[in-house]
Amino acid sequence: MSATPSPHTRRLLAVVVLVPLVAALALWAFAWPAARTAPRDLPIGVAGPTAATAQVERQLQAHEGAFDVHRYADADAARRAVEDRSVYGAVVVTDRGPELLTASAASPLVAQLLRQAVAEQAPAGTEPRTVDVVAAPERDPRGAALTASVLPLALAGIAMGALVTLSGLRGVRAVAALVGAAALVGVVAAALAHSWLGVLTGDWWTEAGALGLAALAVGAAVAGLAALLGPAGIGVMAGLVMLLGNPFSAAASAPEMLPEPAGALGQWLPPGAGATLIRSVSYFDGAAATTPALTLTWWAVIGLGAVALGPTLRPHKSTPSRDREPALTA
C-alpha cells in the first residue's frame, strides 16, 4: 500500500501545478484578444442618395462580418449617429466624392481602421475627406491615458474591498467605508485626469461620479463575495477582475474589435463598463452611458447588499454547547 503524501508534499504539488495554470490563464486572457483584434460587426453608417451609396455598402459588406452597415438619409443624420455613439463612423457620399465622419474619442484605433478601409475603396489618386466629429483630447490623442486608467481603478476597488474585509468592518460600517472610499477615489481620479492631465474633457463632477462608481463596483463585489465566502472571496473576485475584466475591457480598441465572447463579456464586467461609461460622459455628453452605468450600479448594489447581509447569509458552523448538564453517574 502506497504511503499518503504528507501535507508539505501536497502543498508543494499544489504550487507546482497551480502556478503554471494561472500563468496559462493570464497569457490566454491577455494575448488571445490582442492577437485576434479585428472588426466584427463594427457599426458604421452610410449616408447619401441610395444609388450613390449602394456601391459603398457593397464594398463595406465585402469585408465579410467586419461591418454592420447602417443607412442614413443625409450627412446631418449620420453625424448625429456618430455623436450619439450609435456608430463609430460614417461614409457620406457627396458630389465631391466620399467623406468620412469619424470619432477618435470613441476609439482612435477604430478611427484609423475606418480611414484605411475607406481609402482603399477610393478611386486611384484620390483621398476621401475625413472629419473627426468627436475628436480625442489634444493631450491624449491616442487614448493612452484613458486606457491606462482602467487598471488603477480596478486595483483601487480590489484594495478597498480587501481592506474593508480584513479590517473586520461589517454591516453598515463596511458599506459606509466602501461608498466613502469610492467617492474619494472618484474625486482624486477626476482631479488627476481632468484638472491636471487634461485627458478628460466633460463635466468634472459627472466624471468624478463615473470614476467613483467604477471603483465602487469592484470594491463592493470583492467585499461582498468575501462576506459570503470568507477571505477566499477576495482572491476569487480579484482574479475575475484582473484576468478577465481588464483584458476584455476593450478600453484600447472597442468591444467589436475583440473576439467573441470576450467583447460582450468584457462590457458586463466592471473594468469594461467603467471604461465605456467614462468615455461617454467625458467626450460624448453622456450618450450611450445608460447601459454601462446600470451595469456598474448592478455590481455595486449586489456587492453592497452582500456586505450588509453577509453575516446573516453566511452559514455558521455549529459548536457544542458548554452549558450542557453533566451526565448522571451511578
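Tutor: A term before we start: a cavity is a set of grid points where a 1.4 Å probe fits but cannot get out. Keep in mind that this is a predicted model.
Student: Okay, how many cavities of 30 Å³ or more turn up in the whole structure?
Tutor: The search finds two. The largest cavity holds about 70 Å³ of space, and the second largest cavity about 30 Å³.
Student: Which residues line the largest cavity?
Tutor: Among them are Ser149, Val150, Leu153 and Ala154, and the lining also includes Ala214, Val218, Gly274 and Ile278. Helix 5, helix 7 (204-229) and helix 10 each give two or more residues to that lining.
Student: Switching to pockets: what is the volume of the largest one?
Tutor: About 580 Å³. The largest pocket is lined by 29 residues, and the closest to its centre are Tyr88, Pro255, Glu256, Gln267 and Thr276.
Student: Which elements give two or more residues to that pocket lining?
Tutor: Helix 9 (262-267), helix 10 (270-283) and helix 11 (290-313). The largest share comes from helix 10, with four residues. The pocket lining divides into 16 nonpolar, eight polar and five charged residues.
Student: Now the packing bit. At what angle do the axes of helix 5 and helix 6 cross?
Tutor: At roughly 155°, and the axes of helix 5 (residues 144-166) and helix 6 (residues 171-196) come within 10 Å. Angles over 145 degrees count as roughly antiparallel, so helix 5 is roughly antiparallel to helix 6.
Student: Is that crossing left-handed or right-handed?
Tutor: Helix 5 passes helix 6 in a right-handed crossing.
Student: Which residues make the contact?
Tutor: From helix 5, Leu153, Ala156, Met160, Gly161 and Val164; from helix 6, Ala174, Ala177, Leu178, Ala181, Ala182 and Val185. That contact has ten nonpolar residues, one polar and no charged.

Note on methods
Residues numbered from 1 in each chain as written. Predicted model: local features only at pLDDT ≥ 70, side-chain atom pairs only at ≥ 80, totals over all residues. Heavy atoms only, no water. 1 Å grid on protein atoms, 1.4 Å probe; cavity = no way out; pocket = protein on both sides within 12 Å on 5 of 7 lines; lining within 4 Å. Points joined across faces, edges and corners; volume = space filled by probe spheres on them. Nonpolar A, V, L, I, M, F, W, Y, C, P; charged D, E, K, R; others polar. Axes fitted to C-alpha atoms, helices over the stretch in contact; angles between N-to-C directions. Parallel < 35°, antiparallel > 145°, perpendicular 65-115°, else oblique. Left-handed = near helix turned anticlockwise from the far one by under 90°. Contact = heavy atoms within 4.5 Å.
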